Amino acid sequence: GGDGTYSFWDKDSKQRLKPFPSVGNTISATAFNRNGTIFAYASSYDWGKGHEHYKQGSPNQIFLYAVKDEDVKPKPAKPKTR
C-alpha cells in the first residue's frame, strides 16, 4: 500500500495471515502468477501527493516473492469467549 507494506489476508475469516516489512516506497501494483506460487509487486512513487513530494532519483523496483504454503493457509479459528 501507500505506506510501502503489504499483507496476505484470509478473506473469509478476515484475518491477516502474513505481514511483510516496508519496501520504503509506495507499492503501486501487485499480482499473483496463475497458480499462486509467485507474488509480484512494484514499488514506485504513485503521484498521489503531487509533484511536490516526489523524491528525485527514487527508484522504481519490481520484486518477486516465492509464496510458501504457510504464508497463505488459514489459521485455526480462535475459540469464542463469552
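Q: Hi! In strand 4, which residue is the bridge partner of Ile 27?
A: Ser 43 is the bridge partner of Ile 27 in strand 4. Strands here are DSSP runs (E, at least two residues), and helices are runs of H or I with at least four residues, numbered from the N terminus. The model is predicted, so local features need pLDDT of at least 70 and side-chain atom pairs pLDDT 80 or more, while totals for chains, interfaces and linings use all residues. Residues are numbered from 1 along each chain as its sequence is written, and side-chain values use heavy atoms, leaving out hydrogens and water.

Q: How many bridges pair strand 3 and strand 4?
A: Strand 3 and strand 4 (residues 38–43) pair over 5 bridges in the antiparallel sense; pairing requires at least two DSSP bridges between two strands.

Q: And what order do the strands of the open sheet take?
A: The order is 3-4-5, with antiparallel pairing. Strand 3 (27–32) and strand 5 (61–66) are at the edges with a single partner strand each, so one side of each has no neighbour in the sheet.

Q: New topic: how many salt bridges are there in the whole structure?
A: There are 2, where a salt bridge means a side-chain nitrogen of Lys or Arg within 4 Å of a carboxyl oxygen of Asp or Glu. Lys 11 and Asp 12 form one of them, at 3.0 Å from N to O. Lys 18 and Asp 71 form another, at 3.9 Å. Lys 18 sits in strand 2 and Asp 71 in helix 1 (residues 69–72), so this pair ties together parts 53 residues apart in sequence.

Q: Is Asp 71 buried or exposed?
A: Asp 71 is buried, at 2% relative accessibility. Buried means under 20% relative accessible area, exposed over 50%, and partly exposed in between (1.4 Å probe, protein chains only). Lys 18 is partly exposed at 27%.
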